[in-house]
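Here is a short report on one structure.

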Amino acid sequence: MAGTKHKTPLLDDLKEGKWPSFVKELERAAQKSPRTDDLIGLLEKSYRDHIPHWKHGGMAGVKGYGGGIVGRFSDSPEEFPGTKEYHTARINQIEGFFYTSDVLRKLADICDEHAGGLFNFHGSTGDIQILGFKQEEAEELFQKCAQLGFDLGGSGSALRTPSCCVGQARCEWANYDTMHVTDNLTREFQNEIHRPTFNYKFKIKCAGCPNDCIASGARSDLSIVGVWKDNIRIDQNQVAEYAKKFDIKKYVVDKCPTHCMDYTDGKLTIDDSNCVKCMHCINSMPKALRPGLQKGAQIRIGAKVPMVQGPRLGFILVPFYDINKDKEEDYAFLKDLIRKIWDFWDEYGTNRERVGELIQRVGVGNFLEAIELEPLPEMVEHPRANPFIKFEEYLVADEEEESKEG
Amino acid sequence: MPDVDKGTVRITDIGPPNYENFLPPIIKKNYGKWLYHEILKPGVMVHVSETGDKLYTVRVGSTRIVSSDFVREISDIADKYCNGYLRFTTRNNLEFLLDKEENIEPLIKELQALGFPVGGMDHSLGNIVHTQGWLHCHTSASDASGVVKALMDEFYDYFVGDKLPAKVRMAFACCLNMCGSVGASDIAIVGMHRRPPTVMADRVKDLCEIPSTIAACPVDAVRPKTINGKPSVEIDEDRCVFCGNCYTVCPALPIADPLNDGLAIFVGGKVANARTKPTFSKLAVPWLPNNPPRWPEVIEAVRTILEAYKDGARKGERVGEWIERIGWPKFFKITGFEFTKYHIDDFRLGEATMNYSNYARL
Amino acid sequence: MTDEQKQKIKAFTVNLVKEYHGKKRFKPLDLEREIEQNFQSENITRKDAKAVIKELTDSGELIYGYAGGSFLALPEDQTQ
């Protein structure tokens with residue numbers, strides 16, 4: 001049996017096999033935590049019953065914060081008393097998910113002393129999650145983490161904890177300091193993270209390049225993706241080395257989405273004016289090709305999950321801006337844009353309406369006007385095909401006025 | 001705000017610890033100066049800096065839900081081989097950050113002896129991004145960790161190897177809330193309901209906000225109705241698509257159904273921009289039963305997809321790119337999955353997905 | 001915003017939540033709008049409203065709840 005108290009034949013099966021077993025992890029925690037022992041029993045019950053055994057609703061939180069604690073109350077507290085209250089705390093991760101053994105051990109001690117000995121590294125948004133404590137224990141858990149330097153993360157109708165890729169810490173393709181931006185925005189918007197004031201959740205993710213290893217284009221309302229403007233740097237000697245290993249024309253040149261590359265007589269040329277920064281050629285030959293030197297970021301907006309109006313990816317809002325120069329001004333442009341978007345969303349959004357849905361409802365043109373951005377062809381796949389144009393300008397038959405705004 | 005209690009000041013609004021204090025010296029020294037990287041073998045890569053310094057990364061898969069002892073265990077390993085420095089990845093893998101090449105092999109040996117799978121890089125099956133499932137979520141239509149364990153046991157060799165045509169990124173969501181936005185994955189597995197919620201008529205008023213509940217429905221299937229003299233709601237079962245969003249906002253509309261909850265499989269999505277634009281995964285299999293602890297039907301379906309992909313895709317083609325090249329009809333033919341009316345999009349913008357041409361391989 | 005105004009707004013806000021208890025849940029954004037509308041003549045801004053709400057939640061006079069979205073509730077509402 002998994003754990004010590006409950007018979008768990010179904011979960012026991014998942015202790016076998018080559019992949020690490022989460023059941024063994026639950027068991028390890030259960031050795032020290034009776035409530036996690038009960039969690040195992042509750043999970044086995046779900047495996048038998050084929051339904052979740054968590055109640056809907058119930059509040060949990062720490063004073064002054066509207067998020068960071070997700071309440072979880074089981075529906076079988078008599079049978080598994082340890083799961084009567086078994087909440088999750090979202091703990092703001094260190095940017096880039098970097099840790100030291102020292103800080104991890106301290107977190108482990110806190111988790112054992114104040115919760116059920118279980119973590120998620122990490123939750124879907126990017127926070128560390130600590131599982132298995134009651135409401136009355138929340139404050140002390142929070143303060144112990146805070147004393148170690150970790151605040152709670154966001155939950156509810158708030159800014160969720162921003163997250164980022166490894167960026168310039170390790171990646172040669174990072175076009176800006178993703179960790180610096182993420183850290184800066186997180187500190188700037190502490191109030192918006194901890195005290196929900198939005199219609200619904202809002203997520204920000206920072207990727208260093210269009211490979212988007214943090215999946216910002218799919219998983220965040222506001223996606224900041226590093227790009228470059230000028231020419232890809234080419235080392236022809238290294239290209240020649242790659243040519244010995246694979247067919248450059250077949251696997252690189254022919255795969256270019258805009259056919260802007262040529263490889264003839266051993267020379268690779270790129271028409272950078274037609275390069276859309278897809279990263280494929282650079283991915284294929286990391287020693288031979290590097291992003292250009294005029295670096296900046298693109299901003300995409302509106303990605304979200306299916307509920308309610310359907311899933312969305314982010315569309316281009318800002319095709320290029322010099323985020324490295326903005327860094328010198330504490331990211332003033334970026335923060336101003338974010339606040340404008342929030343103001344618009346506050347003003348016109350409805351309950352549980354994500355920004356992407358609001359934009360779709362009111363029209364991109366109206367949204368752009370409100371946040372003071374010009375419409376750009378980079379924002380669209382192609383212009384409209386239907387002719388239902390809501391004109392705002394028209395002429396009036398008048399001696400003095402040639403044209404009049406609608 | 002200060003809240004003096006027993007002489008301690010309450011700490012709030014501090015954000016995370018400063019990341020600069022957790023970077024290994026080699027990263028601090030070479031921050032922003034990396035030149036290129038190479039994947040040396042499955043799960044091992046080297047980043048080379050303009051200064052000539054080399055940073056080695058050893059990546060291992062983890063279960064995302066881990067014990068405090070796991071955390072201590074990896075801390076000990078990090079101390080032994082890389083001065084205590086490590087990080088996690090977006091896909092819940094764990095990376096040890098070494099500046100000594102000679103430590104790579106002993107580290108890998110020790111990791112493997114402890115049961116850690118070394119891999120998840122390059123043309124491999126990545127770790128499966130997933131949610132809490134029955135372990136910790138009230139809206140789950142399936143368990144997450146269990147399905148992931150079952151799949152990764154079965155396809156373990158694809159994680160520790162690099163012989164797939166291109167990288168394959170699988171993700172799992174235990175319900176349509178899709179925490180983790182799995183919908184842009186090579187293979188996305190999603191918990192589904194297929195019966196409407198039960199209306200606990202006399203509890204709706206007490207537990208829910210009726211306007212919000214009505215607004216939560218993507219297909220306008222929730223209507224106000226007075227039942228037994230109390231304001232309540234009714235579900236238009238002809239319109240209901242069993243998404244469960246009404247339950248998310250209204251506890252009096254439970255939708256979990258042990259007989260009819262199951263899993264759907266979507267394929268062909270990607271987040272990266274390389275070669276082709278990011279795109280959502282598309283429906284391959286509408287419903288497979290929940291069959292814990294090993295979900296054999298799901299494993300078989302995923303095996304079918306992976307085998308067909310391995311056999312048919314060209315080097316460097318993601319699952320979606322392979323399918324686009326051969327065409328969806330051929331995908332259904334090769335896999336044997338049934339193409340049904342469920343596969344045709346009937347939601348908003350669904351008409352955009354039809355084939356408005358003569359293009360058909362005959 | 002004077003201290004006197006602040007106390008008035010606080011009282012208004014808490015009473016609003018009390019009045020609608022069991023009938024309607026107020027999102028913080030909803031309360032901001034109510035405050036702004038009700039104290040329009042006294043030139044109370046959205047920023048003032050946010051500051052008042054922050055004081056109420058910091059002190060625990062109102063607490064945050066979550067039910068498919070965040071809302072503000074009375075402390076006595078904290079139940080399972």
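## Sheet and chain overview

Strand S7 (residues 204-207) of chain A and strand S8 (residues 222-228) of chain A run parallel, joined by four bridges. The model is predicted. Across this pair, Cys206(A) stands opposite Ile224(A) in S8(A). Strands of a sheet pair through backbone hydrogen bonds, either parallel or antiparallel.

The pair belongs to an open sheet of five strands in chain A, ordered S6-S7-S8-S13-S14. Its pairing is mixed. Strand S6 (163-164) and strand S14 (315-321) of chain A are the edge strands. Each of these edge strands pairs on one side only.

Now chain C. Its secondary structure comes to three helices and two strands. From the N terminus, the elements of chain C run α-α-α-β-β. A compact globule of 80 residues would have a radius of gyration near 12 Å, and chain C agrees, with 12 Å. Along the principal axes, the C-alpha atoms of chain C fill a box of roughly 40 × 20 × 20 Å.

| Property of chain C | Value |
|---|---|
| Buried residues | 49% of the 80 residues |
| Contacts joining residues at least 24 apart, among those between residues at least 6 apart in sequence | 51% |
| Accessible surface | about 4200 Å² |
| Part of that surface belonging to carbon and sulfur atoms | 47% |

Chain C has 13 positive and 14 negative side chains. The centres of the two sets lie 5 Å apart.

How values were computed:
Residues are numbered from 1 along each chain as its sequence is written. Chains are lettered from A and ligands numbered from 1 in the order in which they are written. This is a predicted model: local features need pLDDT of at least 70, side-chain atom pairs count only at pLDDT 80 or more; totals for chains, interfaces and linings use all residues. Side-chain values use heavy atoms; hydrogens and water are left out. The radius of gyration is taken over C-alpha atoms; the globule rule is 2.2 Å times the number of residues to the power 0.38. Buried means under 20% relative accessible area, exposed over 50%, partly exposed in between (1.4 Å probe, protein chains only). Contact means heavy atoms within 4.5 Å. Accessible areas come from the Shrake-Rupley method with a 1.4 Å probe; for residues, only the protein chains shown count as cover. Lys and Arg count as positive and Asp and Glu as negative; His and the chain ends are not counted. The place of a charge is taken as NZ of Lys, CZ of Arg, CG of Asp or CD of Glu. Two strands pair if DSSP finds at least two bridges between them.
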